[in-house]
Amino acid sequence: MMISSERPHWSEIRPAVAAAGDENSAMVGNSTSSGGGRCRKLRNGRKFERGRRSRARGWLAAVAVLAIVLTGCTGSPVLNRPSTPIESPTESVPSPESTADLVAMKKAAGIADCPRSDPDVAAAPSGLPDVVLPCLGGGRNVRLAGLRGKPMMINIWAQWCGPCREEAPYLAEVATADKSELMIIGIDHADPRPDLAIEFAQLSTWTYPQLADPDVVLRAELQITGPPQTFFIRPDGTIAYRHAGPFSSAKEIRDLAQKYLGVTP
């Protein structure tokens, strides 16, 4: 799924069907404009039969686009390596002023500092990938393969993702009431607007650490077809379970943590 550099504000996301027809859609670019040009030429004298075939092709393309949009956010639980790399979102390098603003926003939101990670420990087989991600809003970088010692729940999300909004209260509830050793970490994925991401986290009352994946490196490393997705990680760094799609309740999160990690947050 290609990610546009002009994502809408998380509170203004339109229904998927409307987004499919938008000529600025991140999924299909300007695919509808050529169909419109053909229709105008038909009105200038092309034969009806050719127009009918053109419209049929247009309907087939629209159906295909709609199918992509409807499945693009939650993704599939099947772990298949992508055949081609995703296009990274384009974003200008933050200025010192904008970086300072993000630091201030993060502090105001009460988001915790990112955890320390071991730079030398070997990556665990069937574990988190050996990649380094920045801390959302500023702070220390984190080597995912170096996160060890505690059971973890890592939630992949984005401020532009509708289902991420649906599960946000359940994540906040579990994190607030967590009395176990479970470490909860969020990763803002494929999101060129860190300011809106911090705003989203603040309004969701997420105060646990947040990383960022602006270059979409986790798409290939963890086969992320779209957020939200959540990984339950053992203390040795291996992945115990992957949950594709949004959670439906806080109880679902607690049950999965107990089943796969032996802790009840």
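Is Ala244 buried, partly exposed or exposed, and what is its relative accessible area? In this predicted model, Ala244 is partly exposed, with a relative accessible area of 27%, a value that lies between the limits of 20% for buried and 50% for exposed.

**The chain as a whole**

The protein chain contains 8 helices and 7 strands, and 41% of its 265 residues count as buried. Of the contacts between residues at least 6 apart in sequence, 76% join residues that are at least 24 apart. The accessible surface of the chain comes to about 13700 Å², and carbon and sulfur atoms account for 55% of that area.

**The disulfide and other cysteines**

The count of disulfides comes to 1, and the cysteines that form this link are Cys114 and Cys135, with their sulfur atoms 1.9 Å apart. The pair links distant parts of the chain, since Cys114 sits in the loop between helix H4 (96–109) and strand E1 (132–133), whereas Cys135, 21 residues away, sits in the loop between E1 and strand E2 (142–143). The link is right-handed, with 90 degrees about the S-S bond, and both Cys114 and Cys135 are buried. Cys161 is also buried, with a relative accessible area of 0%, and Cys164 is buried with a relative accessible area of 1%.

**Buried polar and charged residues**

Gln159 is found in the loop between strand E3 (152–157) and helix H5 (162–177), and it counts as buried because its relative accessible area is 0%, under the limit of 20%. The side chain of Gln159 makes a polar contact with the side chain of Asp191 at 3.2 Å, while the C-alpha atoms of Gln159 and Ala197 are 5.1 Å apart in space despite a separation of 38 residues in sequence.

Glu167, which is found in helix H5, is buried yet has no salt bridge, the nearest side chain of opposite charge being that of Arg165, 12 Å away. The side chain of Glu167 does, however, reach the backbone nitrogen of Phe247 at 2.9 Å. With neighbours within four places in sequence left aside, Glu167 is in contact with Asn155, Pro228, Gly245, Pro246 and Phe247.

**Salt bridges**

Side chains of opposite charge can pair when their charged atoms come close. The count of salt bridges comes to 4, and the table lists some of them.

| Pair | N to O distance |
|---|---|
| Asp130 and Arg143 | 2.6 Å |
| Glu173 and Arg254 | 3.8 Å |
| Lys251 and Asp255 | 2.7 Å |

Asp130 counts as partly exposed at 49% relative accessibility, whereas Arg143 counts as buried at 11%.

The salt bridge between Glu173 and Arg254 ties together parts 81 residues apart in sequence, because Glu173 lies in helix H5 and Arg254 in helix H8 (residues 250–261). Glu173 is partly exposed, at 41% relative accessibility.

Lys251 and Asp255 both lie in helix H8, where they are 4 residues apart, about one turn of the helix. Lys251 counts as exposed at 54% relative accessibility, and Asp255 is partly exposed with a relative accessible area of 39%.

Definitions and conventions. Residues numbered from 1 in each chain as written. Predicted model: local features only at pLDDT ≥ 70, side-chain atom pairs only at ≥ 80, totals over all residues. Heavy atoms only, no water. Disulfide = S-S within 2.5 Å. Helix = DSSP H or I, 4+ residues; strand = E, 2+ residues; numbered from the N terminus. Buried < 20%, exposed > 50% of the residue type's maximum accessible area, 1.4 Å probe, protein only. Polar contact = N/O pair within 3.5 Å; in protein donor to acceptor, adjacent residues only side chain to side chain. Lys, Arg positive; Asp, Glu negative; His and termini not counted. Contact = heavy atoms within 4.5 Å. Areas by Shrake-Rupley, 256 points an atom, 1.4 Å probe, with all protein chains shown as cover.
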